[in-house]
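Visitor: I am new to reading protein models. Could you walk me through this one?

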Amino acid sequence: IQAFLTTSSGIYLDHIGKVVNCIRLEGESDDDFKKRINHQTLSLSKANEVAIRLAVLSIDNVEDVKIKRYSNGPGSMTIVPVCKDVINKSTIDAVRDVASSECSCGEMVIVKNPDLKYVKIDVTLVMASTVDDTTRQETIMNVRENIDEYINSINIGQTLIINKLTDVIMKTSDKIINYSCNDFKINNEPCLLINQGCRWDEKFVVSPDKGSILVR
């Protein structure tokens, strides 16, 4: 059982990795290591999307990567790293360096931050008449935090789904009977309260302006 990639684990998986010149990273789980071993042949080939993706993912702080081929015509690509923290210049430079080393000679590699779509929302909660002021204020604060968490958790290229937003609000407390949206803006432009899509290199975030999430 331990001789096969899909069923091996621990030191036996390490031995399988050595056969294809793939060494386990410090603290790497068996599942993640298996994925790298599975793609090792493509990775060694270089100049392909898997090799570039794995090289970028080896950089500290990078959790995922979005790649757009032919973004500026043949012989070009655009890479948008998805990071745990703020993407600084050193991360951008590191991504550009490792991606360029994996690409074919003369290929243009563009590395950029995602284009942000700033969200503002104003909602009014309808709660049971028996709810006291203290509970109401606590619920309002929790709803605000949950909305903030949901919007900022939407990944690059993913849709802002209103049903999920509603679910986030309503599940905050069983004291909430309903809610209404008074205002909904993206990049300061009024929008209908419907699902909002974005391009592959765009990301929804809560606007940094004061009072971007109002809950009453």
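Guide: Start with a term: two residues are in contact when heavy atoms lie within 4.5 Å. Keep in mind that this is a predicted model.

Visitor: Among contacts with a separation of 6 or more, what share comes from residues 24 or more positions apart?

Guide: The count covers the contacts in the protein with a separation of 6 or more. Of these, residues 24 or more positions apart account for 59%.

Visitor: How many helices and strands does the protein have?

Guide: Helices come to seven. For strands the number is eight.

Visitor: Is the protein more spread out or less spread out than a compact globule?

Guide: The globule rule gives 17 Å for 216 residues. The radius of gyration is 23 Å, well over that value. The C-alpha atoms fill a box of roughly 70 × 45 × 25 Å along the principal axes. So, judged by the radius of gyration, the protein is more spread out than a compact globule.

Visitor: Which residues have the most contacts inside the largest nonpolar core?

Guide: That core has 25 residues. The elements giving two or more residues to this core are β4, α6, α7, β5, β7 and β8. Another core, of 16 residues, lies apart from it, with I59 and I67 among its members. In the largest core, those with the most contacts are L125, I147, L160, F204 and V215.

Visitor: Why are the buried residues of α7 on the same side of the helix?

Guide: In α7, the buried residues include I162, L165 and I169. An α-helix has 3.6 residues a turn, so residues three or four places apart point the same way. The buried residues of α7 pack against β4, α6 and β5.

Visitor: Is T139 buried or exposed?

Guide: T139 is found in helix α6. Leaving aside neighbours within four places in sequence, T139 contacts L125, M127, T172, S173 and I176. A residue under 20% relative accessible area is buried. At 5%, T139 counts as buried.

Visitor: What is the phi of N61?

Guide: Most residues other than glycine have a negative phi. N61 is in the loop between α4 and β1, and its 16% relative accessibility makes it buried. The phi of N61 is positive, near 85 degrees.

Visitor: What is the phi of Y70?

Guide: Y70 is found in the loop between β1 and β2. With a relative accessible area of 54%, Y70 is exposed. Its phi is positive in a residue other than glycine, near 60 degrees.

Visitor: How many disulfides does the structure hold?

Guide: A disulfide needs two cysteine sulfur atoms within 2.5 Å. The closest cysteine sulfur to that of C181 is in C191, 10 Å away, so it is too far for a bond. For C198 the closest is also in C191, at 13 Å, again too far. The number of disulfides is zero.

Visitor: What share of the accessible surface belongs to carbon and sulfur atoms?

Guide: Buried residues make up 36% of the 216 residues. The accessible surface of the protein comes to about 12700 Å². Of that surface, the share of carbon and sulfur atoms is 51%.

Technical notes. Residues numbered from 1 in each chain as written. Predicted model: local features only at pLDDT ≥ 70, side-chain atom pairs only at ≥ 80, totals over all residues. Heavy atoms only, no water. Helix = DSSP H or I, 4+ residues; strand = E, 2+ residues; numbered from the N terminus. Buried < 20%, exposed > 50% of the residue type's maximum accessible area, 1.4 Å probe, protein only. Core = buried A, V, L, I, M, F, W, Y, C linked by side-chain atoms within 4.5 Å. Rg over C-alpha atoms; globule rule 2.2 N^0.38 Å. Areas by Shrake-Rupley, 256 points an atom, 1.4 Å probe, with all protein chains shown as cover.
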